[in-house]
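Welcome! Below you will find a few exercises, each with a worked solution. Please look over the structure first and then try each task before reading on.

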Amino acid sequence: MILLLEKYLKYLEYEKICSPHTLRNYFSDLKQFLGYLKKIDVENIENVTHRHIRGFMGTRQRQGNENSSVGRKLGAIRSFFNFLTRKGFLEQNVARLVHTP
């Protein structure tokens, strides 16, 4: 999954021309998400469901993250899954099913 994250960050940097600040935040948010997936034994991005994303968000809230921070993390996840879907790595974007806190 880390390889897909690297492809996504390159896409943001070179095609979307995102700022270094945005890249750093997206990397941090998505690295946390991928760490969560690893902890719950989800090793392939194809196996991620909207419930996994909701579980990650709930974990972040229980750890004291504000709703605005959790919402930003969800935005990064949605954008990542949009990229994966557009580039053909995934058939559907399960992140669309998750509502902003």
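Helices (H or I, at least four residues) and strands (E, at least two) are DSSP runs, numbered from the N terminus. This is a predicted model, where local features need pLDDT of at least 70 and side-chain atom pairs count only at pLDDT 80 or more, while totals for chains, interfaces and linings use all residues. Residues are numbered from 1 along each chain as its sequence is written, and side-chain values use heavy atoms, with hydrogens and water left out.

**Exercise 1. Find the residues that the salt bridges join into one network.**

Step 1: Recall the idea. Side chains of opposite charge can pair when their charged atoms come close. Here a salt bridge is a side-chain nitrogen of Lys or Arg within 4 Å of a carboxyl oxygen of Asp or Glu. The structure holds 2 salt bridges.

Step 2: Take the pair of R72 and D29, whose closest N and O atoms are 2.8 Å apart. This pair links distant parts of the chain: R72 is in helix α4 (residues 67-86) and D29 in helix α2 (residues 20-39), 43 residues apart.

Step 3: Now take D29 and K73, whose side chains meet in a salt bridge at 3.0 Å, N to O. Again distant parts of the chain are linked, with D29 in α2 and K73 in α4, 44 residues apart.

Step 4: Salt bridges that share partners join D29, R72 and K73 into one network.

Step 5: Check how accessible each partner is. R72 counts as partly exposed because its relative accessibility is 37%. D29 is at 0%, so it counts as buried, and both D29 and K73 are buried.

Step 6: Leaving aside neighbours within four places in sequence, D29 is in contact with F56, R72, K73 and A76.

**Exercise 2. Which residues other than glycine have a positive phi, and are they buried or exposed?**

Step 1: Begin with I17. Its phi is positive, about 50 degrees, although I17 is not a glycine. I17 lies in the loop between α1 (2-15) and α2.

Step 2: Move on to D41, a residue other than glycine with a positive phi near 65 degrees. D41 is placed in the loop between α2 and α3 (50-62).

Step 3: Compare with the cut-offs. I17 counts as exposed because its relative accessibility is 61%. D41 counts as exposed because its relative accessibility is 61%.

**Exercise 3. Work out how α4 is oriented against α3 and against α1.**

Step 1: Axes are lines fitted to C-alpha atoms, for helices over the stretch in contact, and angles run from 0 to 180 degrees between N-to-C directions. Angles under 35 degrees count as roughly parallel, over 145 as roughly antiparallel, 65 to 115 as roughly perpendicular and the rest as oblique.

Step 2: Apply them to α3 and α4. Their axes come within 10 Å and cross at roughly 155 degrees, so α3 and α4 are roughly antiparallel to each other.

Step 3: Name the residues that meet. I53, F56, M57, R60 and Q61 of α3 make the contact with N67, V70, K73, L74, I77 and F81 of α4.

Step 4: Turn to α1 and α4. These helices pack at an angle of about 95 degrees, with their axes 10 Å apart, so α1 and α4 are roughly perpendicular to each other.

Step 5: Name the residues here too. L4, L5, K7, Y8 and Y11 in α1 meet A76, S79, F80, F83, L84 and R86 in α4.

**Exercise 4. Is H50 buried or exposed?**

Step 1: Locate H50, which is found in helix α3.

Step 2: Use the cut-off. H50 counts as buried because its relative accessibility is 18%.

Step 3: Look at the contacts. H50 touches V94, L97 and V98, not counting residues up to four places away in sequence.

Key
Buried means under 20% relative accessible area, exposed over 50%, partly exposed in between (1.4 Å probe, protein chains only). Contact means heavy atoms within 4.5 Å.
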